[in-house]
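Please view the sequence and the structure together while reading.

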Amino acid sequence: MSEYQYYEFQALDRPLSREEQERLRAISSRARITATSFTNTYNWGDLSGSPRQMVERYFDAHLYVTNWGTHRLMLRLPKQALPLPAAQPYCVDQYVDAWTTHTHLLLDVTSEDEGGDWVEGADDSLTALIGVRDELATGDLRSLYLAWLSALAAWELEDDEEEEYRNAHEPPVPPGLGDLTAPQRALADFLRVDADLLAVAAQASPAAPGPPARATRKELTPLVAALPDKEKNDLLLRLALGPECRLHTDLLHRLRGTTVPATSPGLRSAAQLLDAFHTRRTERRQRAEHERAKARAERLTTLADEAEPAWQQVEARIATKQTSSYDAAVTLLAELRDAYAHTGRDADFQQRLTRLRDNYQRRPGLIHRLDRHGLR
């Protein structure tokens, strides 16, 4: 398989100037560059610029996908939207990182899976993930916890000492982990968060509060009138200098005094979470296996009760003298064998099979297939 690397950058809060686009063109002559985006695919070589520096200087979101299993997402938010101390508890070595520039906070989350299946066509993944940025800006930290869960699973594969997992505790648990938004579900998939691990983590997560009621003119008119002149002037100036994606959210927050959903203290150790995860996964697989066995038993019982039409299908397929029909006939015969055995009628099946083999002993292709499947 040839090498595949996909880079996508998006500018959301402001468009890129012509001069900035020209500076980006110096990084890649083949990239598709617009006032709001930079995209390129590499089947050989690599991006000459630093994605981290590109996000710090120009972009608000970055997606990176490779065919050797790397998934990377970087987001840039205004510092006042998400303080660094709120993000730091979720950081884990090389998997989740957060830092600040003079004006912004940046998040960098990575998932690696060299042994996983890779499907080309991740070019639209950033569209599905971009809503995470706005959610983080409003105080919804579920995406950060998902990134930490992804890092925890990766850490487990490093096979450290058990003491390490007992001493490490989960970060603050945000509400609503059991009911993720569409962008958060996309992020969980992108970072390969195991569904059983997420379910275990969600047990300590209270329900998320419902969305606030839609603001009305009647409600907002007196609130706007009560704003100090200086605040009104600042808001109008921000509007005039726009576009600014957070202006609407910030204004409603200022007027209505909405509160950020509180997180719960992280009380569980990494070892406790991983133990609960493995227990849940084992129990789920056992239940699934039990259901499969139950369904198969029911199917075999039904087939044994209605065996004669199945025997007629076997004869009809053999009569075509086509290899594909021989294969289908032998598959059905194997099912009939199991059905007769399931209902304690092995001797009846053997009698019918012997008669069938005698009738078609001059069909070596059929006899060979019967022998290969143990239908003697």
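Helix α15, residues 323-342, packs with helix α16, residues 346-359, at an angle of about 150°, and their axes are 7 Å apart. Angles over 145 degrees count as roughly antiparallel, so α15 is roughly antiparallel to α16. The model is a predicted one. The points below begin with this helix pair and go on to a second pair, the sheet, a cavity and a pocket.

**Helices α15 and α16**

- On the α15 side, the contact is made by L333, L336, R337, Y340 and A341.
- On the α16 side, D346, D348 and F349 take part.
- Sorted by class, the residues of this contact of α15 with α16 are 5 nonpolar and 3 charged, with no polar ones.

**Helices α6 and α13**

- The axes of α6 and α13 cross at roughly 80° and come within 11 Å.
- The range for roughly perpendicular is 65 to 115 degrees, so α6 is roughly perpendicular to α13.
- From α6, the residues Y145, W148, L152, W155 and E156 meet A270, L273, L274, F277 and H278 of α13.
- The contact of α6 with α13 has 8 nonpolar residues, 1 polar residue and 1 charged residue.

**The sheet**

- Seen across the sheet, the strand order is β2-β3-β1-β4-β5-β7-β6; the sheet is open, has 7 strands and is paired in the antiparallel sense.
- The edges are held by β2 (32-33) and β6 (96-100); each has a single partner strand, so one side of each has no neighbour in the sheet.
- Strand β1, residues 5-10, pairs with strand β4, residues 61-66, over 6 bridges in the antiparallel sense.
- In β4, L63 stands opposite E8.
- Helix α8, residues 182-190, packs on the sheet and touches β4, β5 (70-78) and β7 (104-112).
- The direction of α8 makes about 140° with that of β5.

**The largest cavity**

- The whole structure holds 2 cavities of 30 Å³ or more.
- The largest cavity has a volume of about 70 Å³.
- Its lining consists of L73, L75, L107, V109, V132, L136, S143, L144, A147 and L187.
- Two or more lining residues come from each of β5, β7, α5 (131-137) and α6.
- Helix α6 gives the most to the lining of the largest cavity, with 3 residues.
- By class, 9 residues of this lining are nonpolar, 1 is polar and none is charged.

**The second largest pocket**

- About 400 Å³ of space lies in the second largest pocket.
- Its lining has 18 residues, and S150, A153, A154, L157 and R192 lie nearest the centre of the pocket.
- At least two lining residues come from each of β7, α6 (142-157), α9 (195-202) and α13 (270-305).
- What supplies the largest share of the lining of the second largest pocket? Helix α6 does, with 5 residues.
- The lining of this pocket divides by class into 9 nonpolar, 3 polar and 6 charged residues.

**Helix α6 across the topics**

- Helix α6 meets α13 through residues that include W148 and W155.
- Helix α6 also gives the most to the lining of the largest cavity, and the largest share of the lining of the second largest pocket comes from α6 as well.

Terms used. Residues are numbered from 1 along each chain as its sequence is written. This is a predicted model: local features need pLDDT of at least 70, side-chain atom pairs count only at pLDDT 80 or more; totals for chains, interfaces and linings use all residues. Side-chain values use heavy atoms; hydrogens and water are left out. Two strands pair if DSSP finds at least two bridges between them. Helices (H or I, at least four residues) and strands (E, at least two) are DSSP runs, numbered from the N terminus. Contact means heavy atoms within 4.5 Å. Axes are lines fitted to C-alpha atoms, for helices over the stretch in contact, and angles run from 0 to 180 degrees between N-to-C directions. On a 1 Å grid over the protein atoms alone, a cavity is a set of points where a 1.4 Å probe fits but cannot get out, and a pocket is an open set with protein on both sides within 12 Å along at least five of seven lines; lining residues have an atom within 4 Å of a point. Grid points are joined across faces, edges and corners, and a volume is the space filled by probe spheres set on the points. Ala, Val, Leu, Ile, Met, Phe, Trp, Tyr, Cys and Pro count as nonpolar, Asp, Glu, Lys and Arg as charged, and the others, Gly among them, as polar. Angles under 35 degrees count as roughly parallel, over 145 as roughly antiparallel, 65 to 115 as roughly perpendicular and the rest as oblique.
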